[in-house]
Amino acid sequence: MVERSPRFDAFCWLLLSAGLLLVFLPLYYALVIASQPDDTARLTLATLPGSALWHNLAAAWAKDDLQRQLVNSTVMALGIALGKLSISLLSAFAVTYFRFRFRTAAFWLIFITLMLPVEVRIVPTFEVAANVLSPVTALAGWLGWRLELNVSLLDSYAGLILPLIASATATFLFRQFFLVVPDELCEAAKVDGAGPLRFFRDILLPMSRTSMAALFVILFIYGWNQYLWPLLATTRAEMTTVVIGVARTLPTDNADTRWNLTMATTLLAMLPPVLVVVLLQRWFVRGLVDQEK
Amino acid sequence: MSLRILGMLAAGTLAALASSAAQAATEVDFWHAFSPDIKLGKVLTRYVEEFNASQDDYKVVLTYKGTYDDTVNATIAAYRAGKQPAIVQVQANAAPTLIFSSAIKPVDDVMAEAGIEVDWSRYLEPVMAMYRYKGKQMAMPFNTSTPLMWYNADAFQKAGIDKIPATWTELEAAARRLKAAGYPCPVTSAWQEWVLLKNYAFVQDLPLATEGNGMDGPDARLVFNHNGVVEQLARIGRWSKEGLFEYQGRQWTGAHQAFYAERCAVLLESSAGYGGISQNAKFKFGAAVLPVEEGTKTPRNTFIGGAGLFVMKGLDKAVYDGAAAFFKFLSAPELQFDWHRNSGYVPITVDAYELARKQGYYEKFPHQELAIKELLRQPSENTRGIRLGYLVQIDEILNEEMEKIWSQEKSAQQAADDMVRRADPLLARFAKTVAD
Amino acid sequence: MAIRGKDVVFKGRALPWLLLAPQLLVLAVFFFWPAGRGIVEAFFLSDPFLDRSIYVGLDNFRALFASPEYWDSVWLTLRFSAATTLLSMSVALALAVAADRVLRRSLLLRSLVIWPYAVAPAIAGMLWLFLFHPAFGVLALALRDLGVGWNPLLDGGDAMLLIVAAAAWKQVSYNFVFFLAGLQAIPASLIEAAAIDGAGPARRLRDLVLPLLGPTSFFLLVMNVIYAFFETFGIVDAITGGGPGGATRLLVYKVYKDGFQAQDLGSSAAQSIVLMVIVVALTILQFRFVEKRVSYA
């Protein structure tokens, strides 16, 4: 162990405590509000937890669609996480382990998608989701063919998921990971006569387990927290997600304000992603940073 | 992916497919912005259920699409993809976009083609005027409100104010007394550009923009930097400096909270604010019409807020007939009176107003009548409505510049000039997008 | 510009494209096609229903660049991104160094710190607003009682401070976890060797630990800048709505406002392009100047 320095240790503890306090302040306050009884006049000024936490949570839980919304959010977040993982692993493998023409172009083509989040291109994206074959028909139209093809993804899980996996965060991260995998492994595989796919399956994939777990967490959170897209892509109540459910409890134009219920719903909506992060954090971190080889 | 998830995926897709299959009654999609969790949404749901139960031909399918903005966006995206709903609830500031577009079917046409005769003269004129373009009724008014002056009656008593201020000068005097009585925020306002600027111009009969505030066509320009509006802005700016006016944010939440907490004693806010105020104010409160300028002989009607129902183009005749039948159902005096009572919005027909009066409703809830009285004042060229393109951006500009007056960063004249400088290019751009 | 690959690679022409195919297909349909249509819109003036589109060339861009308010937005976005990135990364680093010293292997600590990462930006914004809204925020009222002039509703500096704090709060947790893991990946023997050589904690941090954290920091820098540019939309929307007086009108928020609320598609599309160019430029800069100095194992 390194030198002892009680003063420096004490400073570290102090720093950590202050940090934790800051991190927890908003959560504490959310709990305070969510636990207040319905008397709303000074509700936001409460500083100590009230007595109605369970009551409010139960009321939020029992609301019409909440449970259905939780299922939808789960399917959507899982779909985004798993879907993006699969396509990104393959493409990151291609851009790091091969030299081929236009490799740089392909990399930038993928990387540039980090720069234009779904919010910015959402209306044209909606048109594609309303008819996935619209690019095909439009291209055919330019060439002078008339095609009538219509496949709508609205109000389906595919429609919720596919447009959101069209970006490259995961590819970028896998590339970073693959870059630090020692070249000797690849050399050895080649000496043993293993082809790229076998190397990918037998060596790279097992090694990437932790990275995959980490990305799974990131993508699950990303998917869970989507707001704008699910709002557009679904019209049926049974297809909405829980983040939209939270927004629904926010008072709109002059409506009655029940901040305590809003906060209780918020807590319920936050719980699954927080659990995923906290439970999987061991892999979350190791996968992205640890240089275990 | 586990089998269960696959199963759920499949079930979800199937459910989505099944629900779009043909059904006996013609479905009329209605997208709106009233959360089903709040009272307004519940009342609306009840009306739709009653309508659906009242006949077998049509089934109105109600879908909550988030905020007003979310609802318009969803509608635009859907229209561009050919998936538009029949009826959509659109807030006043987004209405110009729809009225000037060719994506809607005027309500006049919808009703006429369904063979339903409507006597528009039985509707409240300022409400109808807002949605009338080139002589045609473009949308069905729905939830309509207008600003009032809400006050804390206990605070007035404490400050020794026995006459409710009716002019801005009287309000200033009252504000000084309230300040002296210990109220840190004598006056505040929700929706500042709507209440303090637009409604002031209406009541005082001052033009805001050319082309009759844009009501006659899209090629309008702002003009209020050369009239009394500037003095009004300067006054509130001075109040802000002297601590007679305290700004609580652009929307309503902050102003309401400060009013409930008895920090602010006068709240200039929509008539529809009644629901929140009655529920949360732990003191005696009252309401009055908006103050006028000292010596105003004929104060004009106020400007409405809220939303109207638009019908989108490109659907089957049967769907339009269903929408027409639903509109007729919504306009019935009994239903409008029920809406008035439950929502705090004004009824849209004179018949409903008379029904409410006959039943003695206003003896118990006098403030509910104030809004109607404000709207029934004699209108002028300047008070038919406001119909400006990119109004959302323009409102944003008004809000930003007003904040700069309140914080003493700019003079009222400077800010008003900047409002015009920033808004006019937008108006010019918008005019180009509108077909003649 | 060449992109780092492996020194040892496989041969193959068709295979890499096959591997890329699913990714490229999804991107083509759900990214490039819609984004391309969005970009085309930047050169048109359209009504939102696209019933009428007029080609206007670069007019949408000219209108933007002629507006002093737009330049304000550019400037304040850069300030916001720099402040948020700097704040969240430095706080996270300080906390990670402290945690690494006194609580090397504590899973519990990490769990306690990591959770804000899972909170949706809009919800994070709401939580902070509840604390600091001058009319009903419990901490804002406490500040007022202490005589601190806190008013994010009228004071642009206060408003900026608030959104930087909220945005950084959400990101500190993420950065912390990565820094801590990075620190823990440094072999204890290296640290001990340096200590034996007489290097104190500060010198070890500067000369040994920080350079070894290079790849982590680079990764975090890219992620934080992108986060600050794009994902903070929900925070601004929930807390300030771009106000007061436009003091927190971040570029991404303005894109959303103009495109999604005001339906000014042409201008919004033009702004998206400007925004994209800025971020691409920043990222290239980072790759060029920062990645070169970072050593991968």
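This is a predicted model: local features need pLDDT of at least 70, side-chain atom pairs count only at pLDDT 80 or more; totals for chains, interfaces and linings use all residues.

**Stop 1: where chain C meets chain A.** Select both chains and look at where they touch: 77 residues of chain C and 79 residues of chain A take part. Now pick out helix 1 (residues 14-41) of chain C, which gives the most to the side of chain C that touches chain A, with 16 residues.

**Stop 2: the annotated spans.** An unreviewed UniProt entry marks residues 14-33, 80-103, 115-143, 176-196, 208-230 and 269-290 of chain C as "transmembrane region". Select residues 14-33 of chain C: that span is 100% helix, and its end C-alpha atoms are 24 Å apart. Then jump to residues 176-196 of chain C, with 86% helix, 0% strand and 28 Å between the end C-alpha atoms.

**Stop 3: a sheet in chain B.** Hide the rest and find four strands of chain B, ordered 8-9-7-10 in an open sheet with mixed pairing. Which strands stand at the edges? They're strand 8 (185-189) and strand 10 (285-288) of chain B; each has a single partner strand, so one side of each lacks a neighbour in the sheet. On average, neighbouring strands here are turned by 20° against each other, direction ignored.

Zoom in on strand 7 (residues 147-152) of chain B, which runs antiparallel to strand 10 of chain B and is joined to it by four bridges. Tyr151(B) sits opposite Gly286(B) in strand 10 of chain B.

**Last stop.** Select helix 8 (residues 168-180) of chain B: it lies across strand 8 and strand 9 (264-270) of chain B, at about 130° to strand 8 of chain B.

Definitions and conventions: Residues are numbered from 1 along each chain as its sequence is written. Chains are lettered from A and ligands numbered from 1 in the order in which they are written. Two residues are in contact if their C-beta atoms, placed from the backbone, lie within 7 Å. Helices (H or I, at least four residues) and strands (E, at least two) are DSSP runs, numbered from the N terminus. UniProt positions are given in the numbering used here, feature names are shortened, and annotations may be inferred rather than shown by experiment. Two strands pair if DSSP finds at least two bridges between them. Axes are lines fitted to C-alpha atoms, for helices over the stretch in contact, and angles run from 0 to 180 degrees between N-to-C directions.
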